[in-house]
Amino acid sequence: MEAQCSLCRFCPKLSISLIRSPNYSFLLKLPSSSSSFVQTNHSTLRSVWFKENIARRKNVQMVVSASLKGEVSKTVIQKKKLAVFVSGGGSNFRSIHEASLEGSVHGEIVVVVTNKSGCGGAEYARSKNIPVVLFPKTKDEPNGLSASELVATLKHFEIDFILLAGYLKLIPLELIQAYSKSIVNIHPSLLPAFGGKGYYGMKVHKAVVNSGARFSGATIHLVDEHFDTGRILAQRVVPVLANDSAEDLAARVLKEEHGLYAEVVAALCDERIIWRSDGVPLIQSKEHPNEFY
């Protein structure tokens with residue numbers, strides 16, 4: 001009971017029942033004062049301390065010790081509700097959805113937003129009984145929502161994070177303000193190179209090949225009011241080979257995109273995004289909590 005009361009002081013809205021059994025012992029383990037300070041050894045991070053960020057995390061860890069089966073660790077984190085925005089086939093959307101079904105992403109895609117009602121991503125969502133919302137309202141899509149209606153709809157679905165997966169429209173300011181630091185996008189180059197208005201899809205890969213760049217890759221970044229200028233969350237590098245066509249490079253980058261996006265979404269849902277003192281977001285390693293990348 002004493003441990004339960006201590007936990008409630010950290011998470012007043014969290015309700016956990018303590019179970020006592022002759023065969024199993026259960027222990028609630030709160031972060032110690034020494035573990036509230038985490039220092040990275042990476043030289044480029046300038047030995048930044050993360051006490052304030054970690055103190056702000058909404059949830060604490062619960063360690064469950066079973067005397068017959070050894071120790072099992074669990075993290076008490078509410079499952080996140082996700083909205084995915086698509087304009088095309090939605091291969092990244094599919095990979096994230098599959099990861100959520102497999103359990104590697106502690107979140108659920110509860111709605112899909114598209115500007116093209118007949119695109120592959122929207123069709124896939126309907127096949128999985130995921131609601132599809134049209135945005136924005138245009139001549140081609142007269143049933144589309146306005147920006148304020150879109151925000152209200154996402155609030156109705158209680159969305160925690162918005163994932164852009166090949167969505168080709170500029171996100172309205174109303175949505176960015178309503179979901180500050182909660183909208184992420186994937187771009188098929190190593191931003192800030194080959195990004196901005198007009199750089200999307202195959203146009204990006206053609207520009208990379210024509211430039212003579214030796215490397216390209218994928219970037220996942222937070223979304224602000226401009227194209228591809230938000231803070232970078234993660235990147236993955238691929239080589240540009242001497243005889244590559246734009247299609248060759250696109251296939252190589254896309255293969256990396258699928259794994260990278262699912263990895264970042266998992267970190268978002270696990271609340272493992274830590275903000276450095278200079279405003280740079282870092283991802284806390286799940287296997288090694290004292291390491292950041």
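Start by selecting Ser100: its side chain reaches the backbone oxygen of His97 at 2.6 Å. That is a polar contact in the sense of a pair of N or O atoms within 3.5 Å, where, within protein, one must be able to donate a hydrogen and the other to accept it, and residues adjacent in sequence count only if both atoms are side-chain atoms. This is a predicted model, in which local features need pLDDT of at least 70 and side-chain atom pairs count only at pLDDT 80 or more, while totals for chains, interfaces and linings use all residues. Residues are numbered from 1 along each chain as its sequence is written, and side-chain values use heavy atoms, with hydrogens and water left out.

Stay on Ser100 for a moment. Ser100 sits in helix H3 (residues 91–102); helices here are DSSP runs of H or I with at least four residues, strands are runs of E with at least two, and both are numbered from the N terminus. With a relative accessible area of 10%, Ser100 is buried (under 20%; exposed is over 50%, partly exposed in between, using a 1.4 Å probe and protein chains only). Not counting residues up to four places away in sequence, Ser100 touches Val105 and Gly107 (contact: heavy atoms within 4.5 Å).

Next, select Phe93, Leu163 and Tyr261. Of the 41 residues in the largest nonpolar core, these three touch the most other members. Such a core is a set of buried Ala, Val, Leu, Ile, Met, Phe, Trp, Tyr and Cys residues joined through side-chain atoms within 4.5 Å. Helix H8 (residues 246–269) supplies the largest share of this core, 11 residues. Show what surrounds Leu163: leaving aside neighbours within four places in sequence, its contacts include Phe85, Val184, Tyr261 and Leu268.

Now for the rings. The structure holds three aromatic pairs (rings of Phe, Tyr and Trp, the last by its six-membered ring, with centres within 6.5 Å; planes under 30 degrees apart are stacked, over 60 edge-to-face, the rest tilted). One of them is Phe85 with Tyr167, edge-to-face at 5.2 Å centre to centre and 85 degrees between the planes. Phe85 belongs to strand S3 (residues 80–86) and Tyr167 to the loop between strand S6 (161–164) and helix H6 (173–178), so the pair ties together parts 82 residues apart in sequence. Phe85 is buried at 0% relative accessible area, and Tyr167 is buried at 7%.

Finally, colour by pLDDT, the predictor's confidence in each residue from 0 to 100. The protein chain averages 82, and 74% of the residues score at least 70. Over residues 1–73 the pLDDT is below 50.
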